[in-house]
Amino acid sequence: MNIRKRLFSNLFLRNMISDLFGRSGNYNTPGSFIPYFQYKIGDFQDDNHFLYFQREPFGRRYYNEFFNKLNQYIHGHIPDYLEFHFSAYSDKHGFLKFLQHEISGRLKQKSGQARSQKLEIAQEWVAEKQQELKSAQKIALQQEIKQGVQDMLPFASGVNLGEIENIAQTLSQKLSDRIELILSGTEERMLSITDSYVTGNIELNNQNHLVKVIKLFKLLKDVQAPPEKAKAEQLFRRFSDTDIAAILRLHFEPFKSKQHNSIQKIDIKKADESIPNKNPKVQKLEAALQEYFYS
């Protein structure tokens, strides 16, 4: 155990060090960041929007480099730079939420007027994108409701197809507005409830291992006894991907800003696809887990 870990393992010393020198978080380990922004390892090139590093960066350098490069652009090119990274990241809501909070924090720091103006342009871009996502979701919901209404309406001979279209359009508009209102209120209530939970603050030293941790949860969920024992019963009577998403969101720092549905459909699915069950390491781990519980 290195000296830093020894010091921080002692609660009294940890609090004393925090009071005297502050705490920087785990941003000084290579790869200790969420890869919101596209980057390459190699010589710097100034002809594209990628971030460049000579070696795997640690979190603080990675995030600072994004905003340092943003400051190089003229006002009119900042949206192109942001769009380049936004379009490549799967969790659009998570990307925008991170930028929203990070920009807000940097604007509160003392910086030059020119840098602040560029951060404000980025802030406006984030607000516009959030509104676009919200509008797109609303349109998709309206179309889904409209189609459902049309499927339910009787196509009798005396019914005018134009009238059916108008009825479906009106109902879909009213229903989607009502659903949006309900969901907005529900989300606020859920946030207030989850904020009162005793949640964890689990953080990996290397974020590159995050996918493997998710896959481990998946394998643990599916552990079952060997066929010759207990008729191959499952270890857990109830344990689903929904439960894994809840664990990640409540206790793992990188997921606290994500929507539950997004974690389940994007992050857990990504773990399954990037580490398939036929992988030899996965098969060994499955066998080891089975032996651990049923030997």
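**Getting to know a helical chain**

Me: Let's start with Leu-248: which residues does Leu-248 touch, leaving out residues up to four places away in sequence?
Reply: This is a predicted model, so keep that in mind throughout. Leu-248 sits in helix α9. Leaving out residues up to four places away in sequence, the ones Leu-248 touches are Ile-214, Phe-217, Phe-255, Ile-263 and Ile-268.

Me: Is Leu-248 buried or exposed?
Reply: Buried means under 20% relative accessible area. Leu-248 comes out at 0% relative accessibility, so Leu-248 counts as buried.

Me: How far apart are the C-alpha atoms of Leu-248 and His-260?
Reply: Along the chain, these two are 12 residues apart.

Me: What is the secondary structure of the chain, in helices and strands?
Reply: Reading along the sequence, you get α-α-β-β-α-α-α-α-α-α-α-α-α. Tally that up and the chain has 11 helices and two strands.

Me: Which element gives the most residues to the largest nonpolar core?
Reply: That core has 28 residues, and Phe-37, Phe-66, Leu-82, Phe-95 and Leu-99 touch the most other members. At least two residues each come from β2 (51-53), α3 (59-70), α4 (78-88), α5 (92-108) and α6 (113-152). With six residues, the top giver is α6.

Me: Which residues does Phe-37 touch, not counting residues up to four places away in sequence?
Reply: Remember that Phe-37 is one of the residues touching the most other members of the largest core. Its contacts, not counting residues up to four places away in sequence, are Leu-51, Tyr-62, Tyr-63, Phe-66, His-85, Phe-95, Phe-98 and Leu-99.

Me: Are α3 and α4 roughly parallel or antiparallel?
Reply: Their axes come within 10 Å and cross at roughly 150 degrees. Angles over 145 count as roughly antiparallel. That makes this pair roughly antiparallel.

Me: How do the residues of the contact of α3 with α4 divide by class?
Reply: On the α3 side you have Phe-66, Lys-69 and Leu-70, and on the α4 side Ile-78, Tyr-81, Leu-82 and His-85. By class, they are five nonpolar, one polar and one charged.

Me: What about α8 and α10: are they roughly parallel or perpendicular to each other?
Reply: The axes of α8 (residues 210-221) and α10 (residues 260-274) come within 9 Å and cross at roughly 90 degrees. The range 65 to 115 counts as roughly perpendicular. So α8 and α10 are roughly perpendicular.

Me: How many charged residues are in the contact of α8 with α10?
Reply: From α8 come Val-211, Ile-214, Lys-215 and Lys-218, which meet Asp-267, Ile-268, Lys-270, Ala-271, Asp-272 and Ser-274 in α10. Alongside four nonpolar and one polar residue, the number of charged ones is five.

Me: How far apart are the end C-alpha atoms of α8?
Reply: There are 12 residues in α8, and at 1.5 Å a residue they should span 16 Å. The model agrees with that, because the end C-alpha atoms are separated by 17 Å.

Me: Which helices are included in what covers the buried residues of α8?
Reply: The buried residues of α8 are Leu-210, Val-213, Ile-214, Lys-215, Phe-217, Lys-218, Leu-219 and Lys-221. Their cover includes α9 (241-251), α10 and α11 (280-294).

Conventions:
Residues are numbered from 1 along each chain as its sequence is written. This is a predicted model: local features need pLDDT of at least 70, side-chain atom pairs count only at pLDDT 80 or more; totals for chains, interfaces and linings use all residues. Side-chain values use heavy atoms; hydrogens and water are left out. A nonpolar core is a set of buried Ala, Val, Leu, Ile, Met, Phe, Trp, Tyr and Cys residues joined through side-chain atoms within 4.5 Å. Buried means under 20% relative accessible area, exposed over 50%, partly exposed in between (1.4 Å probe, protein chains only). Helices (H or I, at least four residues) and strands (E, at least two) are DSSP runs, numbered from the N terminus. Contact means heavy atoms within 4.5 Å. Axes are lines fitted to C-alpha atoms, for helices over the stretch in contact, and angles run from 0 to 180 degrees between N-to-C directions. Angles under 35 degrees count as roughly parallel, over 145 as roughly antiparallel, 65 to 115 as roughly perpendicular and the rest as oblique. Ala, Val, Leu, Ile, Met, Phe, Trp, Tyr, Cys and Pro count as nonpolar, Asp, Glu, Lys and Arg as charged, and the others, Gly among them, as polar. The expected span of a helix is 1.5 Å times one less than its number of residues.
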